[in-house]
Amino acid sequence: MKKSIEISPNLETLFGTRDENLHVLEDGLNINIDLRSDHIDLEGAPREVARAEQLFADYDHLHRTGYQFQNGDLNSMLRVLVGDPNVTLRGLAEAGRQRSFGRKTVQPKSPNQRRYLEAIERHDMVFGVGPAGTGKTYLAVAMAISALLNKQVNRIILARPAVEAGERLGFLPGTLQEKIDPYLRPLYDALFDMMDPERVERYLEKNIIEIAPIAFMRGRTLNDSFVILDEAQNTTSEQMKMFVTRLGFGSKAVITGDITQIDLPNARRSGLLEAIDILKDVNGLAFVHFDESDVVRHHLVQRIIRAYDEFKTRQAGPQLSLLDNKTGLDNKTADTKPANGKNGQSENGTARLPAASVDEPRVQD
């Protein structure tokens, strides 16, 4: 199917630097886009051409109504749109307007980020699992701030395990709060990015926003709260069970973690991995899994994560082969080795009788 669309002054800003946005549409919708002096030619499957045509119409409408796309938001929305046939550009933009994230407007930049935000809105407990840079913590903090400002909850509680990332820092000077603050710094960064520093400090002083290690959650019942557990892959089984049972009335909980960055001692199993296995069939919970395509940091981060995954896969192959060879040798040895000494004889050369043929007197109780 071929379709021509007239180029209006509003439409030209959609193309992006070096037509990068058009390339996203071509690759995602599997269509050809040919730019002419006064019109655009679209060619491809009828359904995909119709989606592209709707996108251009939505963009023109948003531009005429005064909608302003922030840096990178348009490209991110287009990637969400081509990944989900049920999404429209107008719907994404207007959905973003409805959310208040303090002093920032946050748009989902991938289909999984969009599902993540929708899951947080619809469920009382959500697990966000995926690699670094996919926005798990940032979006969870944004939704917590939105709920607090809209008076859906009375406070925000941010928890994190105090586990070093592969190193031992030793003794840290200062008060208890000063000792644990370095572990919780990423949560502070997200808060200060979305709210005025004075407001954050005021909320921290009044305990409207509380940031603490997960060990401080024991014995508490959290009502009317938005609770976030970050770096959940570093919780033990006992800590995870303790945390997920803290949820009180009118509360939401979001648990985020990256199962490829577990810093626990080898003898301890990650509480996040165990929770995924145990709670996967529980009604009312939602699990959102991210991958490298959801990374919203520098484009190199996606490639780095992919390279590590490929390396891990290559390493697993030889290990499995060695394990199979060892198992085969063990089985072969077991088949050829006599059960009782040589040719069924004992070490002194006398024949062994089967154990079942020896009648031993029974001792009465």
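## Aromatic pairs

Tyr 116 is buried, and Phe 290 is buried too. Both belong to a predicted model. Their rings pair up. The ring centres are 5.2 Å apart and the planes stand at 85°, so this pair is edge-to-face.

Where do Tyr 116 and Phe 290 lie? Tyr 116 sits in helix α5 (residues 111-122). Phe 290 sits in the loop between β9 (285-289) and α11 (299-336). The pair therefore ties together parts that are 174 residues apart in sequence.

## A stacked pair

Phe 127 and Phe 287 make an aromatic pair as well. This one is stacked, at 4.7 Å from centre to centre, with 15° between the planes. The cut-off for stacking is under 30 degrees.

Phe 127 comes from strand β4 (residues 125-129), and Phe 287 comes from strand β9. The pair thus links parts of the chain that are 160 residues apart in sequence. Phe 287 has a relative accessible area of 23%, so Phe 287 is partly exposed. Buried would require a value under 20%. By the ring-centre rule, the count comes to two aromatic pairs.

## Helices α2 and α3

Two packed helices are described by the angle between their axes and the distance between the axes. Here the helices are α2 (residues 46-64) and α3 (residues 73-83). Their axes come within 12 Å and cross at roughly 150°. Angles over 145 degrees count as roughly antiparallel. That is why α2 and α3 are described as roughly antiparallel to each other. The crossing of α2 past α3 is right-handed.

Which residues make the contact? From α2 come Arg 51, Leu 55 and Tyr 59. From α3 come Leu 74, Leu 78, Leu 81 and Val 82. By class, the contact residues of α2 with α3 divide into six nonpolar, no polar and one charged. Arg counts as charged, while Leu, Val and Tyr count as nonpolar.

## Arg 47

Helix α2 also holds Arg 47. Arg 47 has a relative accessible area of 58%, so this residue is exposed. Exposed means over 50%.

How far apart are the C-alpha atoms of Arg 47 and Leu 29? They are separated by 9.3 Å. Along the chain, Arg 47 and Leu 29 are 18 residues apart.

Terms used:
Residues are numbered from 1 along each chain as its sequence is written. This is a predicted model: local features need pLDDT of at least 70, side-chain atom pairs count only at pLDDT 80 or more; totals for chains, interfaces and linings use all residues. Side-chain values use heavy atoms; hydrogens and water are left out. Axes are lines fitted to C-alpha atoms, for helices over the stretch in contact, and angles run from 0 to 180 degrees between N-to-C directions. Helices (H or I, at least four residues) and strands (E, at least two) are DSSP runs, numbered from the N terminus. Angles under 35 degrees count as roughly parallel, over 145 as roughly antiparallel, 65 to 115 as roughly perpendicular and the rest as oblique. A crossing is left-handed if the near helix is turned anticlockwise from the far one by less than a right angle, and right-handed if clockwise. Contact means heavy atoms within 4.5 Å. Rings of Phe, Tyr and Trp (its six-membered ring) pair if their centres lie within 6.5 Å; planes under 30 degrees apart count as stacked, over 60 as edge-to-face and the rest as tilted. Buried means under 20% relative accessible area, exposed over 50%, partly exposed in between (1.4 Å probe, protein chains only).
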